[in-house]
Amino acid sequence: MVVLVLGGTGKTGLHLVQQLLARNVKVRTIVRSPEKLPIEVARHSELAVTTAKVLEMSDEALVEQLKDCTAVVSCLGHEGTYQGMCGKASRFLVYDVLRRVCRGIGELQSPAKVILMSTGLYTNPDNDEDVKIRNTCGQRALLCMLSTCLPPHNDNMRAAEFLRTELKGMEWCAVRPELLIDGEVSQYELRDSLVCSIFSAGQTSRANVAHFMCELVQNPSAWQKWRGRFPVIYNAAVS
Ligand SMILES: NC(=O)c1ccc[n+]([C@@H]2O[C@H](COP(=O)([O-])OP(=O)(O)OC[C@H]3O[C@@H](n4cnc5c(N)ncnc54)[C@H](OP(=O)(O)O)[C@@H]3O)[C@@H](O)[C@H]2O)c1
């Protein structure tokens with residue numbers, strides 16, 4: 001089993017890399033700044049680190065990374081700088097990389113699973129419960145404002161819509177935490193639809209998001225249950 005993790009130096013991505021390695025899964029990661037990886041992770045015999053800006057990699061180099069992968073997990077997220085959020089090159093970081101990864105998997109005719117770290121701000125139009133809970137003036141106004149003012153929000157929405165509407169014949173799952181917090185792996189709950197208003201968003205530790213992603217990678221019954229869906233994940237205490 002080989003898993004390609006994108007965003008492996010990020011807060012969630014690093015949890016994911018560490019947890020996969022602890023489960024004896026071979027991990028590849030493409031990172032801009034390998035020095036951000038803790039030394040024991042960077043030196044792990046089952047981890048292959050490629051130093052590159054994933055947005056600037058050639059199609060051939062990206063496809064090379066995808067070869068023999070069981071799963072590709074994107075934990076990419078925008079840097080909190082003006083350039084990171086609004087810069088032309090990275091404005092659609094998550095969507096652009098996801099689209100290229102899916103094209104590469106298609107070219108390879110690989111059965112690799114695609115797992116996206118999405119967000120609880122995404123309302124799945126196919127899910128009546130999602131639509132119902134987001135259907136208040138306040139939430140609609142906030143989402144409209146985020147779409148106008150926050151390019152990373154649009155990127156995350158576009159990536160989720162890409163999976164929902166365009167990814168035919170491929171296996172995928174988009175995990176939707178609402179409010180990310182730090183913390184260790186603990187009990188968590190998975191829902192098929194959103195249960196909280198944006199104004200009372202449920203918390204989820206990044207370690208729990210990573211744990212669930214590991215389950216999606218390794219546990220066939222978890223994959224069977226959640227593939228092609230947008231599970232919402234909450235720390236157990238919240239719900
Ligand atoms: N904050 C929340 O409450 C919340 C809730 C739900 C969902 N989310 C979403 O969850 C995702 C991950 O969150 P997180 O907190 O784990 O993210 P994070 O710690 O900010 O990590 C982001 C990762 O993306 C990489 N990255 C950023 N810009 C890049 C670029 N231009 N090219 C290549 N790699 C780039 C970073 O690499 P470097 O280390 O090199 O910078 C890092 O590895 C984000 O998409 C976020 O929108 C957040």
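The model is predicted. It holds six aromatic pairs, and two cavities of 30 Å³ or more are counted.

**Aromatic contacts**

- F212 and W226 form an edge-to-face pair, because their ring planes stand at 90 degrees, with the ring centres 6.3 Å apart.
- This pair ties together parts that are 14 residues apart in sequence, since F212 belongs to helix α9 (residues 206–218) and W226 to helix α10 (residues 220–226).
- F212 is buried at 2% relative accessibility, and W226 is buried as well, with a relative accessible area of 5%.
- One aromatic cluster is made up of F92, Y95 and F162.
- The face of F92 also has a charged neighbour: R158 lies over the ring, 4.3 Å from its centre.

**Largest cavity**

- The largest cavity contains about 50 Å³ of space.
- Its lining consists of D59, L62, V63, L66, R100, R103, G104 and E107.
- Two elements, α3 (59–66) and α5 (93–108), each give two or more residues to this lining.
- By class, the lining of the largest cavity has four charged, three nonpolar and one polar residues.

**Second largest cavity**

- About 40 Å³ of space lies in the second largest cavity.
- The residues lining the second largest cavity are L6, V72, V73, S74, V97, L98, V101, V114 and I115.
- Strands β4 (71–74) and β5 (113–117), together with α5, each supply two or more of these residues.
- The lining of the second largest cavity has eight nonpolar residues, one polar and no charged.

Terms used
Residues are numbered from 1 along each chain as its sequence is written. This is a predicted model: local features need pLDDT of at least 70, side-chain atom pairs count only at pLDDT 80 or more; totals for chains, interfaces and linings use all residues. Side-chain values use heavy atoms; hydrogens and water are left out. Rings of Phe, Tyr and Trp (its six-membered ring) pair if their centres lie within 6.5 Å; planes under 30 degrees apart count as stacked, over 60 as edge-to-face and the rest as tilted. Helices (H or I, at least four residues) and strands (E, at least two) are DSSP runs, numbered from the N terminus. Buried means under 20% relative accessible area, exposed over 50%, partly exposed in between (1.4 Å probe, protein chains only). A charge sits over a ring if NZ of Lys or CZ of Arg is within 6 Å of the ring centre and within 35 degrees of the ring normal. On a 1 Å grid over the protein atoms alone, a cavity is a set of points where a 1.4 Å probe fits but cannot get out, and a pocket is an open set with protein on both sides within 12 Å along at least five of seven lines; lining residues have an atom within 4 Å of a point. Grid points are joined across faces, edges and corners, and a volume is the space filled by probe spheres set on the points. Ala, Val, Leu, Ile, Met, Phe, Trp, Tyr, Cys and Pro count as nonpolar, Asp, Glu, Lys and Arg as charged, and the others, Gly among them, as polar.
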